[in-house]
Amino acid sequence: MPDAIELKEILFLWNKKWKSFLNERTINKETGKSFYIHKRLRSAYRSLKTFPGYFPGMIT
């Protein structure tokens, strides 16, 4: 299991690789508003980045 520093490094590299994918947006044709396509993946990434010690078993 990665420690907190390793997890931050892993997440940084993962985000660097997938940043453009995570930032993909689409437009609702009815309202004209844009929204992120991969909202749930963005949310999961943000949770891991913001609260790394909150996930039991992830950090020793």
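User: Why is W14 called partly exposed?

Analyst: This is a predicted model, and its values are computed from the atoms. W14 has a relative accessible area of 29%. Buried means under 20% and exposed means over 50%. The value for W14 lies in between, so W14 is partly exposed.

User: What makes Y45 buried or exposed?

Analyst: The relative accessibility of Y45 is 13%. The cut-off for buried is under 20%, so Y45 counts as buried. Y45 is placed in helix 2.

User: How many aromatic pairs are there?

Analyst: The count is two aromatic pairs. One of them is formed by W14 and Y45, with ring centres 5.7 Å apart and planes at 25°.

User: Why is the pair of W14 and Y45 called stacked?

Analyst: A pair of aromatic rings is described by the distance of the centres and the angle of the planes. Ring centres must lie within 6.5 Å, and 5.7 Å meets that, so W14 and Y45 pair. Planes under 30 degrees apart count as stacked, and the angle here is 25°, so the pair is stacked.

User: What does the pair of W14 and Y45 tie together?

Analyst: W14 lies in helix 1, which covers residues 4-22, and Y45 lies in helix 2, so the pair ties together parts that are 31 residues apart in sequence.

User: Which type of pair do the rings of W18 and F21 form, and why?

Analyst: Their centres are 5.9 Å apart and their planes are at 70°. The distance is within 6.5 Å and the angle is over 60 degrees, so the pair of W18 and F21 is edge-to-face. W18 and F21 are three residues apart in helix 1, so about one helical turn separates them.

User: What makes H38 buried or exposed?

Analyst: The relative accessible area of H38 is 17%. That is under 20%, so H38 is buried. H38 is placed in the loop between strand 2 (34-36) and helix 2 (39-50).

User: Which side chain makes a polar contact with the side chain of H38, and how do you know?

Analyst: The side chain of E24 does, at 2.9 Å. A polar contact needs a pair of N or O atoms within 3.5 Å, so the distance between H38 and E24 meets the cut-off. Leaving aside neighbours within four places in sequence, H38 is in contact with F21 and E24.

User: Which charged ends sit over the ring of Y36?

Analyst: The charged end of R25 sits over the ring of Y36, 4.2 Å from its centre. The charged end of R42 also sits over the ring of Y36, 3.5 Å from its centre.

User: Why is N15 called buried?

Analyst: N15 has a relative accessible area of 18%. The limit for buried is under 20%, so N15 falls in that class. N15 is placed in helix 1.

User: Which residues does Y45 touch?

Analyst: Residues up to four places away in sequence are not counted here, and Y45 touches L11, W14 and N15. The C-alpha atoms of Y45 and L11 are separated by 7.8 Å, although these residues are 34 residues apart along the chain.

User: What lines the largest pocket?

Analyst: The lining is made of N15, K19, L22, N23, R42, S43, Y45, R46 and K49. The elements giving two or more residues to this lining are helix 1 and helix 2. Helix 2 supplies the largest share, five residues. The space in the largest pocket is about 190 Å³.

User: Why is K19 called partly exposed?

Analyst: K19 has 46% relative accessibility. Exposed would need over 50% and buried would need under 20%, so K19 counts as partly exposed. K19 is placed in helix 1. The C-alpha atoms of K19 and R42 are separated by 9.8 Å, and the two residues are 23 residues apart along the chain.

How values were computed: Residues are numbered from 1 along each chain as its sequence is written. This is a predicted model: local features need pLDDT of at least 70, side-chain atom pairs count only at pLDDT 80 or more; totals for chains, interfaces and linings use all residues. Side-chain values use heavy atoms; hydrogens and water are left out. Helices (H or I, at least four residues) and strands (E, at least two) are DSSP runs, numbered from the N terminus. Buried means under 20% relative accessible area, exposed over 50%, partly exposed in between (1.4 Å probe, protein chains only). A polar contact is a pair of N or O atoms within 3.5 Å; within protein, one must be able to donate a hydrogen and the other to accept it, and residues adjacent in sequence count only if both atoms are side-chain atoms. Contact means heavy atoms within 4.5 Å. Rings of Phe, Tyr and Trp (its six-membered ring) pair if their centres lie within 6.5 Å; planes under 30 degrees apart count as stacked, over 60 as edge-to-face and the rest as tilted. A charge sits over a ring if NZ of Lys or CZ of Arg is within 6 Å of the ring centre and within 35 degrees of the ring normal. On a 1 Å grid over the protein atoms alone, a cavity is a set of points where a 1.4 Å probe fits but cannot get out, and a pocket is an open set with protein on both sides within 12 Å along at least five of seven lines; lining residues have an atom within 4 Å of a point. Grid points are joined across faces, edges and corners, and a volume is the space filled by probe spheres set on the points.
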